Each structure stands twice: as structure tokens, then as C-alpha cells.
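Please follow this walk through a protein model, taken step by step from its sheet to the packing of its helices.

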Amino acid sequence: MFAFFKKKKEPRPIFQPLGTDMHCHLIPRVDDGSKCMEESIECLKTLKAVGYEKVIITPHFQYPRFQNDEDDICRRFDELKQQAGDAGVQIVFAGIGGEYRIDTGFQARLEKPRFLKLGGKYVLVEFSLHQQMPGCDEMIFDMQMKGYDIILAHPERYPYLNVFGSRMEQLKNQGVYFQINALSLGGFYGEEAKRRAYYMLEQGWVEFMGTDTHNTVYAQALINLTHDRKVEKTLEKYDFLNKTI
Ligand SMILES: [Fe+2]
């Protein structure tokens with residue numbers, strides 16, 4: 001009956017080894033992420049409190065749901081930096097990127113590419129969470145031929161991809177970088193995604209870890225995750241490339 005008074009857990013800085021969070025949705029009202037500047041600022045404070053020194057913001061580019069424009073996103077990013085600075089947020093902004101859904105809009109985008117790249121180098125892409133887009137591999141190959149380095153966001157979250165089969169190996173052989181979500185390791189997206197994430201780590205397929213923070217629910221889950229000893233050990237055990245961007 002006293003559950004209402006249960007104390008919230010304090011954040012622990014277990015993400016220090018990563019240095020940079022390279023996947024989050026903290027520009028207000030441009031996608032399904034943060035709803036207002038106050039929420040963005042609270043989430044950014046949480047990222048700092050759990051150990052991140054730097055952050056790269058990656059709003060969705062997804063057709064037709066989030067038809068964002070790069071110039072507009074850059075303007076909003078400048079506003080976020082300004083407001084976060086005024087609010088005393090200590091985290092360093094290491095740039096603006098995007099999370100590009102491979103869909104019919106992406107196909108059109110390839111004709112006249114202008115991507116917001118992470119660290120001026122990587123393009124973060126995601127697949128549909130429900131089904132594979134026809135021609136998906138060809139589009140990735142096309143991008144690579146144009147000289148882009150591709151990071152696939154949260155490969156553990158696509159149930160139609162057989163993580164334990166050859167499909168994942170094929171993507172790795174194709175030179176696609178993998179970024180898992182930190183919260184997957186705590187079961188935030190279900191037990192199957194958690195199992196897949198750990199399996200991919202064990203295979204040595206994972207180069208990046210992101211928080212994919214959308215709002216304060218994610219931020220609180222991240223704080224809770226800092227009390228998971230297995231996650232803490234995982235962050236110490238594997239070398240991630242987060243610090244290099
Ligand atoms: Fe995301």
C-alpha cells in the first residue's frame with residue numbers, strides 16, 4: 001500500500017565509457033520524440049547524469065509521417081542548443097544527425113542526397129519495425145557506392161530479420177555498422193529484443209550503442225538501467241566506436 005512512496009532511483013554514470021550518445025529524439029515537436037523544450041532539457045540532463053559527455057541529436061526522417069527538412073532541423077537544433085545552454089545543461093552538443101527510415105521517401109532522397117551525417121561521416125538508417133522494404137539492400141549498397149558509411153539503428157528490434165541466421169551476417173559482410181539501443185539490454189522492448197541485442201554483442205557485430213531517448217519515460221528507464229550490473233559490465237567489456245564520432 002506504500003508503493004506510491006517508493007523512492008525513485010538515482011542515476012549512476014555507467015555510460016561514461018561510451019562518451020557520446022549518438023541517437024536520440026530531443027528536438028521538440030519534429031517527430032515522436034520530445035513534446036516541448038522543457039522535456040528535451042530534462043532528458044539532456046538525464047543523459048549527462050548517466051555518464052554521457054556529448055550528444056548527437058537524430059530526428060526521424062520518415063515518409064510520410066515525419067517529412068522533416070534538413071535546413072529546418074538545423075535551425076531548431078540551434079535553438080535547442082541555445083535553450084539548453086541557458087538552462088545550465090552541461091552536456092556538449094556534438095552535432096546534428098538524422099534517423100533516416102529506408103522507405104519510398106528514402107528512394108526519392110537517393111536521387112538528390114543531402115543527409116545530416118553523424119560526425120560528418122555516418123548516415124544513421126532504420127528499417128520498418130514491421131516488414132522489410134523491397135529493394136532495401138540495394139538502397140544501402142547504392143549509398144555505400146556513393147561513399148556513405150551506414151549505421152543501422154537498433155537491428156535487435158526488427159522481428160522479421162533472423163538475427164540468428166545469415167541475414168545479419170550478410171549486412172555485416174556488406175560493411176553496415178550496427179547500433180543497438182541501450183534500453184534493449186534491460187528488456188524495455190521485450191525479452192526477444194534483449195536476447196537479440198546480447199547475441200549480437202557476443203558475435204562482435206555491434207559498433208555503436210545509442211539511447212534512442214524520445215521523452216522522460218525513456219529517460220527514467222535509462223536511470224533505472226544504470227542499476228543493472230550486467231549492463232554496466234557489458235559497457236566495460238566491449239569497445240564501442242561512440243567516442244570516435
Ligand atoms: Fe530512433
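**From the sheet to the helix pair**

In this predicted model, T20 stands opposite K54 in β2. That pairing belongs to β1 and strand β2, the latter spanning residues 54-57, which pair in the parallel sense over 2 bridges. On to the next pair of strands: β2 is joined to β4 by 3 bridges, and these two strands likewise run parallel, with I57 standing opposite I96 in β4. Taken together, 3 strands form an open sheet in the order β1-β2-β4, with parallel pairing. Its edge strands are β1, at 20-21, and β4, at 92-96, each of which pairs on one side only.

How is the path from β1 to β2 made, and what is its handedness? The chain crosses through helix α1, residues 37-49, and this β-α-β crossover is right-handed.

Two packed helices are described by the angle between their axes and the distance between the axes. Here the axes of α1 and helix α2, residues 70-86, come within 10 Å and cross at roughly 65°. Because angles of 65 to 115 degrees count as roughly perpendicular, α1 and α2 are therefore described as roughly perpendicular to each other. The crossing in which α1 passes α2 is right-handed.

Which residues meet where these helices are in contact? From α1 come M37, S40, I41 and L44, and they meet L80, Q83 and A84 in α2. Sorted by class, this contact of α1 with α2 has 5 nonpolar and 2 polar residues, and no charged ones.

Technical notes:
Residues are numbered from 1 along each chain as its sequence is written. This is a predicted model: local features need pLDDT of at least 70, side-chain atom pairs count only at pLDDT 80 or more; totals for chains, interfaces and linings use all residues. Two strands pair if DSSP finds at least two bridges between them. Helices (H or I, at least four residues) and strands (E, at least two) are DSSP runs, numbered from the N terminus. A crossover is right-handed if, with the strands pointing away from the viewer, the path from the first strand over the helix to the second runs clockwise. Axes are lines fitted to C-alpha atoms, for helices over the stretch in contact, and angles run from 0 to 180 degrees between N-to-C directions. Angles under 35 degrees count as roughly parallel, over 145 as roughly antiparallel, 65 to 115 as roughly perpendicular and the rest as oblique. A crossing is left-handed if the near helix is turned anticlockwise from the far one by less than a right angle, and right-handed if clockwise. Two residues are in contact if their C-beta atoms, placed from the backbone, lie within 7 Å. Ala, Val, Leu, Ile, Met, Phe, Trp, Tyr, Cys and Pro count as nonpolar, Asp, Glu, Lys and Arg as charged, and the others, Gly among them, as polar.
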